[in-house]
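The report takes them in turn.

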Amino acid sequence: MPTPLYGPDFGSYAPDEVAWLLTDLSDVDLEADIEIRERAIQAGTAHYAESLPIEFQPDERYRALFDTVLAETAQTLAAAVATVTELVIAERGENVVVASLARAGTPVGILMRRWARYRHGLELPHYAVSIVRDRGIDRTAIDYLAAHHDPASVVFVDGWTGKGAIARELRAALDETAAAGGPRCNPDLAVLADPGHCVRTYGTRDDFLIASACLNSTVSGLVSRTVLNADLIGRNDFHGAKFYRELADSDVSNRLLDAVSGAFPDVAGGIDDAVADLVASDRTPTWSGWRSVEDIRARYGITTVNFVKPGVGETTRVLLRRVPWRILVRDPDAPELHHIHALAESRGVPVEVVDDLAYSCMGLIRELE
């Protein structure tokens with residue numbers, strides 16, 4: 001069985017913050033031009049996880065905007081982290097193992113671990129694992145977790161839900177793993193924000209801006225998104241990723257963690273009541289987000305829901321690493337959309353106001369011929 005990777009040899013997070021259940025592909029040339037890559041994905045000749053987009057490097061204006069966003073949202077993020085962590089502990093107990101879905105879930109997993117230490121004196125194990133849409137979760141990583149921990153104690157963590165594709169993928173993959181004789185893990189996904197109403201464990205259902213969505217690897221430990229390429233990853237290997245050491249001068253990963261965890265004392269007083277209200281509420285997923293995505297798909301004549309990315313986080317991803325067609329916003333003056341407007345302007349993407357949008361915004365991917 002392969003062994004985990006740790007910073008500073010892999011990634012810029014401290015070694016006690018996360019163990020990466022990944023294969024180091026840092027020396028492999030995997031990046032492709034965004035439009036060439038998008039064309040291959042849409043044509044069905046390549047899967048998105050077989051390669052990587054070229055990492056977007058923002059200009060000074062955008063970096064300054066990130067600093068502003070982080071300062072303005074640190075307390076909101078801290079409250080969401082505290083709420084979802086307390087909810088997990090209340091319902092799953094203190095002996096949980098955090099398994100964040102790399103890479104968007106990894107900063108969240110670290111922050112949940114920090115809250116558990118701050119509030120309860122706990123040292124929760126934290127691993128980052130890969131899940132790939134249409135390909136499932138990393139089975140070798142699941143086997144590793146089961147060999148070292150009770151599978152029932154593992155809590156899967158992500159940053160946010162869009163239309164709920166990853167929540168569905170996680171449940172299906174874990175069910176398939178168990179049916180094949182593998183370990184049985186709890187498929188309930190925990191997220192900071194659940195605007196799609198896809199999960200029952202969350203910090204908020206508001207479609208708010210999570211600062212770690214504003215950038216790529218430079219806010220995620222300098223680690224790429226994960227790679228599953230049969231030419232590079234063997235049957236018993238972890239999925240792969242790259243460590244972008246060359247971007248160290250632009251890395252703000254630990255600055256984000258420190259800003260949010262530094263706000264823990266400011267939000268601690270109201271968390272118990274918030275969690276009690278959540279525990280007593282009906283949190284059954286309604287999948288209302290998925291229905292709204294279907295409505296937009298039909299309204300704009302889009303062939304597949306895969307080209308409709310709802311919510312602030314997913315819209316940001318469209319602008320950072322896909323070929324965007326247009327951006328839909330509910331309130332053009334909403335403060336959580338300032339970076340969306342800046343990215344759309346820099347890429348020449350039109351922004352359209354849609355008053356009845358179920359999310360703050362949606363990103364529509366351009367269909368390439």
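This is a predicted model: local features need pLDDT of at least 70, side-chain atom pairs count only at pLDDT 80 or more; totals for chains, interfaces and linings use all residues.

Four strands, in the order β13-β16-β14-β15, form an open sheet with mixed pairing. The edges belong to β13 (308-310) and β15 (351-353). Each has a single partner strand, so one side of each lacks a neighbour in the sheet. From one strand to the next, the twist averages 25°.

One pairing can be followed in detail. Strand β14 (residues 324-329) pairs with β15 in the parallel sense, over 3 bridges. Here Ile327 stands opposite Val351 of β15.

A helix covers part of this sheet. Helix α9 (residues 311-321) lies across β13, β14 and β16 (361-365). The angle of α9 to β16 is about 30°.

| Helix pair | Angle | Axis distance |
|---|---|---|
| α9 and α10 (residues 338-347) | about 20° | 10 Å apart |
| α3 (residues 105-120) and α7 (residues 264-280) | roughly 75° | within 12 Å |

Take α9 and α10 first. They pack at an angle of about 20°. That angle is under 35 degrees, so α9 is roughly parallel to α10. Their crossing is left-handed. On the α9 side, the contact is made by Val312, Thr315, Thr316, Val318, Leu319 and Leu320. On the α10 side, it is made by His339, Ile340, Leu343, Ala344 and Arg347. By class, this contact has 7 nonpolar, 3 polar and 1 charged residues.

Now take α3 and α7. Their axes cross at roughly 75°. This value lies within the range of 65 to 115 degrees, so α3 is roughly perpendicular to α7. From α3, Leu111, Arg114, Trp115, Tyr118 and Arg119 make the contact. From α7, the residues are Phe264, Pro265, Ala268, Ile271 and Asp272. The contact of α3 with α7 divides into 7 nonpolar, no polar and 3 charged residues.

**Buried residues of α10**

Which residues of α10 are buried? They are His339, Ile340, Ala342, Leu343 and Ala344. Their cover includes α2 (60-92), α9, β14 and β15. After α10 comes Gly348, with a positive phi near 70°.

**A covered strand**

Strand β5 (residues 97-101) is mostly covered, with 5 of its 5 residues buried. Both faces are covered. Val97, Ala99 and Leu101 are buried on one side. Val98 and Ser100 are buried on the other.

Strand β5 also has parallel partners. It joins strand β9 (residues 154-160) through 4 bridges, and the two run parallel. In that pairing, Val98 stands opposite Val155 of β9. Another 4 bridges join β5 to strand β6 (residues 126-129), again in parallel. There Ser100 stands opposite Ala128 of β6.

**A buried arginine in a loop**

Arg133 is found in the loop between β7 (131-132) and β8 (136-137). Is Arg133 buried or exposed? Its relative accessibility is 18%. The cut-off for buried is under 20%, so Arg133 counts as buried. Leaving aside neighbours within four places in sequence, Arg133 is in contact with His47, Tyr48, Ala165, Glu169, Asn306 and Lys309.

Terms used. Residues are numbered from 1 along each chain as its sequence is written. Side-chain values use heavy atoms; hydrogens and water are left out. Two strands pair if DSSP finds at least two bridges between them. Axes are lines fitted to C-alpha atoms, for helices over the stretch in contact, and angles run from 0 to 180 degrees between N-to-C directions. Contact means heavy atoms within 4.5 Å. Angles under 35 degrees count as roughly parallel, over 145 as roughly antiparallel, 65 to 115 as roughly perpendicular and the rest as oblique. A crossing is left-handed if the near helix is turned anticlockwise from the far one by less than a right angle, and right-handed if clockwise. Ala, Val, Leu, Ile, Met, Phe, Trp, Tyr, Cys and Pro count as nonpolar, Asp, Glu, Lys and Arg as charged, and the others, Gly among them, as polar. Buried means under 20% relative accessible area, exposed over 50%, partly exposed in between (1.4 Å probe, protein chains only).
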